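Colleague: Before I plan around this model, I want to know how its labels were reached. Can you take me through them?

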Amino acid sequence: MLARCPSCRNTFETERTGPQDCPSCGKPLVVPEAAVPSTTQLATAASEEQGTPWERRAELGLWRGWWETIVQVLFEPGRLFRSARLDRGAAQTGFAVLTVSVPWFVGQMLDRFLLRPWTQHMIDKLGASGPFGPLLQKIAAAGQDNSPGATLLIALLTPLLVLVGLYANAAVTHVAALLLGQAKRGFAATFAACAYASAPLLLTALPGCGAPIGTVWTIVLTAVGLKETHRIASGGAAAAVLVPYALLCCAVCVLAALGGFALRGVPS
Amino acid sequence: MKCVVRAGPPSVHALGLAATGLSLLAAAAVLPLDAPPLSLFACPFRAATSFPCLTCGCTHAFAAVARLRFADAFSASPLGALVALACAAHAAWTVLRLCGLGYAPAGFAVTGRVRLGAAAVLAGNWVFLVLHGAP
């Protein structure tokens, strides 16, 4: 049956009546015995939020669902974010972890085993001068371990770090959106935007320029995603995404440092 | 106004946020503050302006909360200490809900007054860091 959450106004399917949590915003609600009937509004909402290809992978197939989602989020982000269902948090988490972890791991391996001399030369040149010179030298020194143990550790840590980063990013973005009065449809809407917006991090498979390009693209897509999933104006969405980067300078640096170091091996 | 309401098992996002909070606290407990990677980074905002940013001191606050040194945590960053405690509380409550606790914290409307209060808290935290000298 279809039910509607009184907090986030999202409709969702449920098997039972009585007290339960909204799958979108997580807030508790009570589904009455006589479920909400399908109205025109519900039909419209259902057609808008039919699900992204990834959320419909059971009918499309895993590979096709993933690929169509990637293509849509990169080149038709508005359409993809409009179709995202807010009660598919687990699927969205899976998409982000899969889409970011694998290329990030590949990028790290390429960097370690194929491009190390070149990146080492760059780091040496950059580290020779400037205020961050010693820091860069230490980072380079910490990333020297190419043993099988370090590689295995990276493989195990990458999905965990992606998951932590995804939720930390969504939580900070949602708090910013709340403070700016832009969070209209609950945490699930912010999370959907952040999860699908992480697709450009596929570019982390390219050592060097891939990560910065992917990061900027991700920030832009997160703003587009917030606009569509929360049904807010572009300015508000951009502010909600950019305010944390401006205000939470240290937090962003610590997370970046932790992620970078964890992927470069155990620091000495 | 009720502080808790009846609820079923935690949602996926409640579990994800609890795992994230626990991971951050575990990292803060395990990683030493005076060794890489935490010792290597410097706040670019502070480097550029000599003023702390809003989250300066949060790493020390998380580390102190993870070691149950609450006075040190609040001294390093009141905001960081509160966030770390909120992470721990959310994780503990989520575990209890997984074990069958049928209650969850009641939500509240984020009104203009609440937003103003939150902005005042952030500003107060920053003033504290400036006056106290963030770690």
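Modeller: Start with chain B, whose order along the sequence is β-α-α-α-α-α-β-α. That gives six helices and two strands. Helices (H or I, at least four residues) and strands (E, at least two) are DSSP runs, numbered from the N terminus. This is a predicted model: local features need pLDDT of at least 70, side-chain atom pairs count only at pLDDT 80 or more, and totals for chains, interfaces and linings use all residues. Residues are numbered from 1 along each chain as its sequence is written, while chains are lettered from A and ligands numbered from 1 in the order in which they are written.

Colleague: What is the secondary structure of chain A?

Modeller: Chain A has twelve helices and four strands.

Colleague: Why are H8(A) and H9(A) called oblique to each other?

Modeller: H8 (residues 148-179) and H9 (residues 187-197) of chain A pack at about 130 degrees. Angles run from 0 to 180 degrees between N-to-C directions, with axes fitted to C-alpha atoms, for helices over the stretch in contact. Under 35 degrees is roughly parallel, over 145 roughly antiparallel, 65 to 115 roughly perpendicular, and the rest oblique. H8(A) and H9(A) are therefore oblique. Their axes are 9 Å apart.

Colleague: What makes up the contact of H8(A) with H9(A), by class?

Modeller: Leu166(A) and His174(A) are among the H8(A) residues there, and Phe187(A) and Cys194(A) among those of H9(A). Contact means C-beta atoms, placed from the backbone, within 7 Å. By class, the contact has seven nonpolar, four polar and no charged residues. Ala, Val, Leu, Ile, Met, Phe, Trp, Tyr, Cys and Pro count as nonpolar, Asp, Glu, Lys and Arg as charged, and the others, Gly among them, as polar.

Colleague: Is Ala233(A) buried or exposed?

Modeller: Ala233(A) has 11 other C-beta atoms within 10 Å, so it is exposed. The cut-offs are 20 or more for buried, 12 or fewer for exposed, and partly exposed in between, with C-beta atoms placed from the backbone. Ala233(A) lies in the loop between H10 (210-230) and H11 (234-247) of chain A.

Colleague: How do you know the span of H1 (residues 12-30) of chain B agrees with expectation?

Modeller: The expected span is 1.5 Å times one less than the number of residues. For the 19 residues of H1(B) that should be 27 Å, and the end C-alpha atoms are 27 Å apart, which agrees.

Colleague: What do the buried residues of H1(B) pack against?

Modeller: Those residues, including Leu15(B) and Leu24(B), pack against H5 (89-113), H8 and H9 of chain A, together with H3 (58-66) and H5 (78-98) of chain B.

Terms used:
Two residues are in contact if their C-beta atoms, placed from the backbone, lie within 7 Å.
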